[in-house]
Amino acid sequence: MKAPVAGLVAAGLALIVTAFAQSPPQDSSEAQQEAHRHWRETDPNLESDAISAGATLGARADKVAAEAAKYFSLRKDYLEGSAADARRGASLLEPVNITAEALPNLDRFLSSQDTFLKSTIDTIARNPDRAIQQLRAALDRERAAVAAIGTALNDSQKSQEAAAQSSRAAEQARAKASDEYQKLTASLQESAQLADKSGDDWAAYYRALSDAARGATAPVTSSGPPLPSTGRESAAVEPAKADASNAVPAPAARPLPPLPLVRYLGAWTYPTMGAHYHGMQPESADLVVREENGQASGTLTARFRLPAGSADNPVVRFDFAGAFGGTRAQRFAITNSSGVTGTLELIPGPAFNLLEVNFNTGDKPGTIRQGNFLLIKK
Amino acid sequence: MVLNLRRCFRLGAIAAAFATGGIVSAQGPAPGSLPALQQSVSQRTAEWNTLATNLEQRVARLLPCDPQARAAIDEVSRASEARSVALTSYWTVASLQSKTQVEAIRGLLSQEEARVGDWVVDASQAQADVAFATAQGASLTSSVRRLPALANPQKDLQAIAEQYRLLEKQAQERAAAHGRLIDDLRELLNSGQTRQAAIDERLRTVGAEGSRWSAYYAARQARAQIECSLIDPAAAAVQSAGPRPAPAAVPRPAPPGKKQ
């Protein structure tokens, strides 16, 4: 028994360790706070100089806008990472469904056995025959065994009730904590969206400030650093907005991921042993990730185990591409020949040779729309 | 020796129950899952219950040295053993799942406790953001009179300040919700540990009950042997030395008229 039980314990603990290893690092909180501080300190006199600075304000505003964009990118990552963490928290609180056993009612049987044994013992008690006395001893042992069963059944009943009662209490507490996690997730997602919008609004504000300072007529070429649009995860997914009024140039230097690119690049496969997944279970998956000039591209092919009766296509195959961002989790836009679009997220796992894949391909019916699993490097 | 063999059989059976299926399956109840094990417990209990309550009635219709008497007791004993194995498997898996959950709760609690500061910082930063956006707007107000075009960025700032107020509210609610979450996790850890103790106690009583039944059937078998030796010592000696007859698969009523 020890080996399978130890295996199950190890598997359970491994799941927990993996889940906690995926938690957003503390430094992402510090990084966004640092970016916030840097943004605020970049040009504290920008607004007060709006009247006097004239056309030069444009360049200064661009510089501050770039810092604001960096901050909001990190802020959004932080909030989304925290939301993902809260989701993982909720998913770790799986219910333990203990049901009450139907205990057999053997009181009558035990009682009648005891009566029968006692009466037989009484009947032969005075018989001196050695063989009869042997029988009497056997009857005594049997009667003692019946009495011991009665005690054991009482203990059994009590322990069964205690287990059922404590399980109900634990399940109620679990549901409460799980509910709180879900609320936290929803709040963080809402804040992430609002932070994203705030980032856009700050960018619009700096443009408007710059336009107002130079009279909003003469075109100005920014001399400030470019907006780090690649630092924002959405920039890798959505095409850049063509806005003639936006004087901010296209990015020249892209932020590097906080981890070496080798953690993302190469050929990866779904392990046949010790696989981890969330949601739909893959049967197989192969991923290839390439990089050229800061641009990622690659292909994911996966086959999923569908629930009985499902007529969906179990095979998922798509290409993806995009720029590497400055975050641990890299998100890319995906496409395939059927016109499916969506996003693919690559998150380095707890070990150097593990990579978490998280994809979402929208709502096209008859296809696998979401997948989340851990791959191992080939 | 018999008890050792029974113990080996029980451990082997439990191991087999675990080996044939994992705890979790995405495709519904797996062979080793709690619902499947619960079903097995119900079946084994029903089978044993039927045999146990009818045992004396069956044996009473047989002669003391009839091999079917010994077989009938063996059959009930094995059914009791099977039930005990099913119960042990069920509660062992329940214990493992419970332990895994308790470990997960411990990890989550420690993680959330470490993040308390984050949410406080978050809420105070959101408050500072509101003040910042308001102050920036105020610094533009005096300039708008001299450069009316600044009214546009000023409006943008007002909108941003509104968003920040909403973000501040969310951050404050989140800080409060996080406090509740930590309380909930602590409560869950306590109740999980209580459940774990109850499950462990249940496992102990299941084992004890199984042993008591085994001891009873051994005593019952011993009595049958002595009853046989009283009637026919030679037959009793053969029975105790020879192999035990195979039991009937299901309880069968004894032929009429065949009474002790």
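Predicted model: local features only at pLDDT ≥ 70, side-chain atom pairs only at ≥ 80, totals over all residues.
Residues are numbered from 1 along each chain as its sequence is written, chains are lettered from A and ligands numbered from 1 in the order written, and side-chain values use heavy atoms, without hydrogens and water.

Q: What makes up chain B, by helices and strands?
A: Chain B has 6 helices and 0 strands. Its pattern along the sequence is α-α-α-α-α-α. Helices (H or I, at least four residues) and strands (E, at least two) are DSSP runs, numbered from the N terminus.

Q: Why are H4(B) and H5(B) called roughly antiparallel?
A: Their axes cross at roughly 165° and come within 8 Å. Axes are lines fitted to C-alpha atoms, for helices over the stretch in contact, and angles run from 0 to 180 degrees between N-to-C directions. Angles over 145 degrees count as roughly antiparallel, under 35 as roughly parallel, 65 to 115 as roughly perpendicular and the rest as oblique. H4(B) and H5(B) are therefore roughly antiparallel.

Q: Why is H2(B) called roughly parallel to H5(B)?
A: Helix H2 (residues 34-60) of chain B packs against H5(B) at about 20°, with the axes 14 Å apart. That makes the two roughly parallel.

Q: What is the handedness of the crossing of H2(B) and H5(B)?
A: The crossing is left-handed. In a left-handed crossing the near helix is turned anticlockwise from the far one by less than a right angle; clockwise is right-handed.

Q: Why is B:Leu203 called partly exposed?
A: Its relative accessible area is 22%. Buried means under 20%, exposed over 50%, partly exposed in between (1.4 Å probe, protein chains only). B:Leu203 is therefore partly exposed. B:Leu203 is found in helix H5 of chain B.

Q: What span is expected for H5(A)?
A: The rule is 1.5 Å times one less than the number of residues. H5(A) has 18 residues and reaches 26 Å, close to the 26 Å expected.
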